[in-house]
Amino acid sequence: MHRRAHRTLCRRRPFTPLGRFALAEISPTVLARALEPFPGPSNLRTLDALHLSTCVHLQERIKNIKLASYDRRMNNTARALGIPLYDFKGSEMAKPTG
């Protein structure tokens, strides 16, 4: 790719990725929590249950953790569990660069 085109594309990205990612092992504790009922409607999908279970597990160990999701169903369940949500609108990441 031409350098100028690359610079232009980089400036026009809608937002930069979150600054900190981590891989979390699906431990027996996380899996057991994912199999339990969640608050709210029971239409939570399997991967959502695993993500929320991981958040609950990490929240017990890392106090400053937030869920970043655009999925309304998962966000509603996270709120019911007391998991703080990442604010995309108030974030620098939500603003276009350039």
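With which handedness does helix 3 pass helix 4? Helix 3 passes helix 4 in a right-handed crossing, where right-handed means that the near helix is turned clockwise from the far one by less than a right angle, and left-handed anticlockwise. This is a predicted model, in which local features need pLDDT of at least 70, side-chain atom pairs count only at pLDDT 80 or more, and totals for chains, interfaces and linings use all residues. Residues are numbered from 1 along each chain as its sequence is written, and side-chain values use heavy atoms, with hydrogens and water left out.

**View 1. Helix 3 and helix 4.** The axes of helix 3 and helix 4 (residues 72–81) come within 11 Å and cross at roughly 30° (lines fitted to C-alpha atoms over the stretch in contact, angles from 0 to 180 degrees between N-to-C directions). Helix 3 is therefore roughly parallel to helix 4 (under 35 degrees; over 145 is roughly antiparallel, 65 to 115 roughly perpendicular and the rest oblique). Asp48, His51, Leu52 and Val56 of helix 3 make the contact with Met74, Thr77, Ala78 and Leu81 of helix 4 (heavy atoms within 4.5 Å).

**View 2. Helix 2 and helix 3.** The axes of helix 2 and helix 3 (residues 46–59) come within 8 Å and cross at roughly 125°, so the two helices are oblique to each other. Their crossing is right-handed. Thr29, Val30, Leu31, Arg33 and Ala34 in helix 2 meet Ala49, Leu50, Ser53, Thr54 and His57 in helix 3.

**View 3. Surroundings of glutamine 59.** Glutamine 59 lies in helix 3 (helices are DSSP runs of H or I, at least four residues, numbered from the N terminus). Leaving aside residues up to four places away in sequence, glutamine 59 touches Ile65, Gly82, Ile83 and Pro84. Glutamine 59 and glycine 82 are 23 residues apart in sequence and 9.7 Å apart in space, C-alpha to C-alpha.
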